[in-house]
Amino acid sequence: MTTSFDPAAVIAEFIDAVAPYDPQPDSSPVALLGLRTALGDETFALSDHVIRAMCRALASYRDPEDRGECVACGGRHLDENLRCQECGRLHGVLGQVIADHVRRVAEAAEGGAPSGSA
Ligand SMILES: [Zn+2]
């Protein structure tokens, strides 16, 4: 596990972690990655295997802040209470209860019978 946030060290660690499983370790790099940080410039030769490993890592990545998408506005920033920080819509069980209650109150206010699907 990475203990440093030096970007070059992170990339080097990723390359080292996937290199033992490269089926063609002697193949030519498919990309050169130039990296400029406060610590200096570095260049990394990336094999096809490393790029494919990055694709798999990305496909399985889930951000710890990802709590889903707001059903009202499509926002991606739900707080720890599953409240949308963009439009204020509540999600989860509590959000559903509140939304159902608001809908029933609105229907009652319109004089219609509450829907019997609850
Ligand atoms: Zn929203």
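## Burial and surface

Of the 118 residues in the protein chain, 17% are buried, in what is a predicted model.

## Overall dimensions

The radius of gyration of the protein chain is 25 Å, whereas a compact globule of 118 residues would have a value near 13 Å. Taken along the principal axes, the box filled by the C-alpha atoms is roughly 75 × 35 × 20 Å.

The contacts of the protein chain can be set beside these dimensions. When contacts between residues at least 6 apart in sequence are considered, 24% of them join residues that are at least 24 apart.

## Secondary structure

Three helices and two strands make up the secondary structure of the protein chain, and their order from the N terminus is α-β-β-α-α. The two strands are β1, covering residues 31–37, and β2, covering residues 40–46, with a loop between them; α2 spans residues 48–60, and another loop lies between α2 and α3.

Helix α3 takes in residues 92–109, and its 18 residues reach 26 Å from the first C-alpha to the last, which is close to the 26 Å expected at 1.5 Å a residue. After α3 comes Gly111, a residue with a positive phi near 85°.

## The loop between β1 and β2

Ala38 is placed in the loop that runs between β1 and β2. This residue counts as exposed because its relative accessibility is 87%, and the cut-off for that class is over 50%.

## The loop between α2 and α3

Leu82 belongs to the loop between α2 and α3. Its relative accessibility of 29% is the reason why Leu82 counts as partly exposed, since that class lies between the limits of under 20% for buried and over 50% for exposed.

The backbone of Leu82 also deserves a remark, as its phi is near 60°, a positive value in a residue other than glycine. Most residues other than glycine have a negative phi.

Notes:
Residues numbered from 1 in each chain as written. Predicted model: local features only at pLDDT ≥ 70, side-chain atom pairs only at ≥ 80, totals over all residues. Heavy atoms only, no water. Helix = DSSP H or I, 4+ residues; strand = E, 2+ residues; numbered from the N terminus. Rg over C-alpha atoms; globule rule 2.2 N^0.38 Å. Buried < 20%, exposed > 50% of the residue type's maximum accessible area, 1.4 Å probe, protein only. Contact = heavy atoms within 4.5 Å. Expected span 1.5 Å × (residues − 1).
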